[in-house]
Amino acid sequence: AYYLVYLSAPPRVYRQVASLIGLQLVTSFISVAKTLSGQRETTQRQLNAEKKKQSDGPLIESLNNRLALTHANITYLEELMRKIFGG
């Protein structure tokens, strides 16, 4: 009997719960994107400093790879957020 009452909750309740979960999800995505953005800025500064010291080397290659990966992750998160709320 309890399950029947639970399943017959008005659709508004489900929309409210779905909205809350969606907002929490996007808040988490934004937090991760902010962290990644900070990492991207730090990596870019390190890369610029290393390029002033030397023109090429394994450290520069590593920083370039890390910068590209961080940028790809930020782009993926932005795309995911657009899909969630854009439809």
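Residues 24 or more positions apart account for 60% of the contacts with a separation of 6 or more in this protein. The model is predicted. It contains three helices and zero strands, in the order α-α-α along the sequence. Of the 87 residues in the protein, 18% are buried.

**Helix H2**

- Helix H2 covers residues 11–53 and is 43 residues in length.
- From the first C-alpha of H2 to the last the distance is 63 Å, close to the 63 Å expected at 1.5 Å a residue.
- The buried residues of H2 are Gly22, Val26, Phe29, Ala33, Leu36, Thr43, Leu47 and Glu50.
- Helix H3 is included in what covers these buried residues of H2.

**Packing of H2 against H3**

- Two packed helices are described by the angle between their axes and the distance between the axes.
- For H2 and H3, the angle is about 160° and the axes lie 9 Å apart.
- Angles over 145 degrees count as roughly antiparallel, so H2 and H3 are roughly antiparallel to each other.
- H2 and H3 cross with a left-handed sense.

**Nonpolar core**

- The largest nonpolar core has seven residues: Val26, Phe29, Ala33, Leu36, Ile74, Leu77 and Met81.
- At least two residues of this core come from each of helix H2 (11–53) and helix H3 (58–86).
- The helix that gives the most to the core is H2, with four residues.

**Contacts of Met81**

- Leaving aside residues up to four places away in sequence, Met81 touches Val26, Phe29, Ile30 and Gly86.

**Thr43**

- Thr43 is located in helix H2.
- The relative accessible area of Thr43 is 2%, and the cut-off for buried is under 20%, so Thr43 counts as buried.
- With residues up to four places away in sequence not counted, Thr43 touches Leu63, Arg66 and Leu67.

Conventions: Residues numbered from 1 in each chain as written. Predicted model: local features only at pLDDT ≥ 70, side-chain atom pairs only at ≥ 80, totals over all residues. Heavy atoms only, no water. Core = buried A, V, L, I, M, F, W, Y, C linked by side-chain atoms within 4.5 Å. Buried < 20%, exposed > 50% of the residue type's maximum accessible area, 1.4 Å probe, protein only. Contact = heavy atoms within 4.5 Å. Expected span 1.5 Å × (residues − 1). Axes fitted to C-alpha atoms, helices over the stretch in contact; angles between N-to-C directions. Parallel < 35°, antiparallel > 145°, perpendicular 65-115°, else oblique. Left-handed = near helix turned anticlockwise from the far one by under 90°.
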